Amino acid sequence: MNGASRSSSRRRSEITATLLRSVRRVPLDGEPADPVDVLLAGGRVSAVGVDLDPGGAVVEDADGRWIAPGLWDEHTHFEQWAQTALRVDTAGTSDPAEACRRVADHIATLDGPVDSLVVGFGHRMSSWSREPVTAELDAVSGTHPVVLMAGDAHSGWLNAAAQRLYGVSFDSACTEGDWFALMPRVADDPLALADARLCRIREMFALGVVGLVDMVMDDHLGPWQALAAAGVALPRVQIGVFPSTLDEVIEAGLRTGDEVPDGAGLLRMGSLKIIADGSLSSLTAGVRDAHGEVHGHFAYSLDELTSLQVRAREHGLTVATHAIGDACLSQVLDAYEASGATGTVEHAQLVDRTEIPRIVRLGLPLSVQPWHLVDDWRAMDALWAGRGDDAFPLRSLLDAGVTLRLGSDAPVAPLDPWRAMAAAVHRNTPDVASWHPEERITAAEAFRASVRTRVAVGQPADVILLDANPLDAQPDSATTARQLMGTNVSATYVAGTRRY
Ligand SMILES: [Zn+2]
């Protein structure tokens with residue numbers, strides 16, 4: 001009771017009405033480009049029109065800048081994204097020796113205690129020419145425990161000192177279940193981490209992000225409630241829960257869409273997240289090969305998957321089920337069909353085209369992370385030979401009527417919706433030829449898949465101001481992608497309050 005009244009009075013004091021004078025709407029649905037005024041009041045867009053009377057509102061002259069709904073990142077791991085700000089970057093290394101060199105360079109710069117934990121992040125096991133060996137990491141790490149986390153978060157490589165610290169023993173990297181049990185125990189310095197969280201939130205607002213779907217792994221509300229209690233200005237967050245803490249959520253009576261107590265009105269309960277297969281780069285995605293044989297790591301049997309989904313449904317929770325490979329996607333669709341649960345399929349990197357009608361029939365949005373394509377296309381060519389046509393088939397999915405939601409899967413890719421949109425539009429970085437260009441989508445389609453609202457009366461006052469129209473027609477997809485990534489955000493409003 002107290003919590004609720006405290007947070008609503010804080011909300012009231014923050015909200016002032018703002019009249020954005022002379023903005024042009026980014027034509028997501030073909031809106032005319034003539035300048036209009038937009039009034040934000042009571043947390044909503046309360047009027048859109050020409051020469052609006054400001055009444056008591058603060059007037060901001062937007063000078064013909066472009067207005068759009070604020071961006072959402074539909075799949076993040078925020079706490080891990082904050083942690084990566086503190087880590088040795090192992091992304092782009094081609095073998096374990098190169099990762100070791102980066103660790104050695106980093107350790108050479110340290111002047112704190114000789115046994116402080118060193119954490120690295122970012123490499124792809126599938127890009128390494130061979131398996132790592134514990135002893136080679138020991139050779140560069142002195143007395144520091146060292147943990148190197150793969151960029152897809154599906155494996156970790158620990159030196160002997162770190163293995164002693166956590167009471168585990170591996171000669172090489174540890175993967176999947178072993179790693180998921182270990183990963184939450186790898187703890188950073190609390191003060192440094194608190195700083196990193198604030199930094200990451202500021203970065204988000206600077207990119208025009210107003211909302212996140214956060215997949216929280218251990219503590220079911222993650223850092224969010226504490227950040228709200230500390231008075232930190234937050235984006236909207238839809239907080240997911242993993243099976244390990246599902247009981248806590250059920251006990252707390254939280255259903256999908258419910259406002260989380262003491263969440264400043266911005267935190268809401270999300271979905272149950274179920275990881276049903278592995279990942280491409282750890283070679284554990286559930287994939288069917290050219291001979292129809294199935295490979296990969298399936299975390300659940302169909303019955304187990306179905307009963308987890310049923311349990312979520314019975315308690316008012318939607319389900320976000322992770323399926324990277326096509327064989328896993330089929331299993332996941334079977335489970336949704338049997339359980340009657342609603343929600344999303346996460347990732348869907350490889351899609352058997354014969355399944356597309358079933359995705360449409362079940363009404364399951366696909367939550368996809370196009371930047372993974374930029375990171376993974378070489379690996380997909382190598383590992384899924386001849387199946388490239390079916391990897392991230394965004395054009396075909398949209399044409400068939402599937403709803404797409406774009407995200408980053410940060411920290412697997414940077415939390416940056418502009419990159420995700422650019423990758424969906426060009427299917428590569430702008431300086432490289434498009435990979436399977438027949439599956440490109442337009443900038444407007446990518447933008448619509450990155451927002452949840454519209455700049456229209458009655459909608460939440462989550463809006464951004466842009467210096468240029470990111471949907472301006474360009475001669476080719478590379479230029480369009482460049483334009484998206486170069487878009488400058490000049491203001492971000494969440495629930496009518498300016499956050500950037
Ligand atoms: Zn994820």
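Leaving aside its neighbours within four places in sequence, with which residues is Val412 in contact? This report answers that question and then describes other parts of the structure, which is a predicted model.

## Val412 and its surroundings

Val412 is found in the loop between strand E20 and helix H15. Apart from neighbours within four places in sequence, Val412 is in contact with Phe121, Arg124, Gly151, Asp152, His372 and Asp375. Its relative accessible area is 12%. Because buried means a relative accessible area under 20%, Val412 counts as buried.

The peptide bond leading from Ala410 to Pro411 is cis, with an omega near 15 degrees. In general, most peptide bonds are trans.

## The zinc site

Which protein residues are donors of the zinc ion? They are His75 and His77, each through NE2, and Asp409, through OD, and they lie 2.1 to 2.2 Å from the ion. Along the sequence, these donor residues follow the spacing H-x1-H-x331-D. Distant parts of the chain are linked by His77 and Asp409, which are 332 residues apart. His77 belongs to the loop between strand E6 (71-76) and helix H2 (78-84), whereas Asp409 belongs to the loop between E20 and H15. Both His77 and Asp409 are buried.

## A sheet of five strands

An open sheet is formed by five strands in the order E7-E8-E9-E10-E11, and their pairing is mixed. At its edges are strand E7 (88-89) and strand E11 (174-175), each of which pairs on one side only. Within the sheet, strand E9 (residues 146-149) pairs with strand E10 (residues 155-158) in the antiparallel sense, over three bridges. Val147 stands opposite Leu158 in E10.

The loop between E9 and E10 contains Ala153. This residue has a positive phi of about 65 degrees, although it is not a glycine. Most residues other than glycine have a negative phi. Is Ala153 buried or exposed? Its relative accessibility is 14%, so Ala153 counts as buried. A positive phi is also found in His436, a residue other than glycine, where the value is near 50 degrees. His436 is placed in the loop between H15 and helix H16 (443-448).

## Strand E14 and its partners

Strand E14 (residues 267-275) is mostly covered, as eight of its nine residues are buried. E14 pairs in the parallel sense with strand E13 (residues 236-241), over four bridges. In this pairing, Gln238 has Arg268 of E14 as its bridge partner. E14 also pairs in the parallel sense with strand E17 (residues 319-323), over four bridges. Here Ile275 stands opposite His322 in E17.

## Helices that meet

How do H10 and H11 lie relative to each other? The axes of helix H10 (residues 302-314) and helix H11 (residues 326-339) come within 9 Å and cross at roughly 45 degrees. The two helices are therefore oblique to each other. H10 passes H11 in a right-handed crossing. On the H10 side, the contact is made by Leu302, Leu305, Thr306, Gln309, Val310 and Arg313. On the H11 side, the residues involved are Gln331, Val332, Asp334, Ala335, Tyr336, Ala338 and Ser339.

A second pair is formed by H15 and helix H17 (residues 477-485), whose axes come within 8 Å and cross at roughly 175 degrees. H15 and H17 are therefore roughly antiparallel to each other. In H15, the residues that meet H17 are Trp418, Arg419, Met421, Ala422, Val425 and His426. Their counterparts in H17 are Ser477, Ala478, Thr480, Ala481, Leu484 and Met485.

## Arg358 in helix H12

Arg358 is found in helix H12 (residues 356-362). With a relative accessible area of 11%, Arg358 is buried. Not counting residues up to four places away in sequence, Arg358 touches Ser330, Leu333, Asp334 and Glu337. One of these, Asp334, also takes part in the contact of H11 with H10.

Technical notes. Residues are numbered from 1 along each chain as its sequence is written. This is a predicted model: local features need pLDDT of at least 70, side-chain atom pairs count only at pLDDT 80 or more; totals for chains, interfaces and linings use all residues. Side-chain values use heavy atoms; hydrogens and water are left out. Two strands pair if DSSP finds at least two bridges between them. Buried means under 20% relative accessible area, exposed over 50%, partly exposed in between (1.4 Å probe, protein chains only). Donors are N, O and S atoms within 2.8 Å of the metal (3.2 Å for Na, K and Ca); water is not among the atoms, so sites may look incomplete. Contact means heavy atoms within 4.5 Å. Axes are lines fitted to C-alpha atoms, for helices over the stretch in contact, and angles run from 0 to 180 degrees between N-to-C directions. Angles under 35 degrees count as roughly parallel, over 145 as roughly antiparallel, 65 to 115 as roughly perpendicular and the rest as oblique. A crossing is left-handed if the near helix is turned anticlockwise from the far one by less than a right angle, and right-handed if clockwise.
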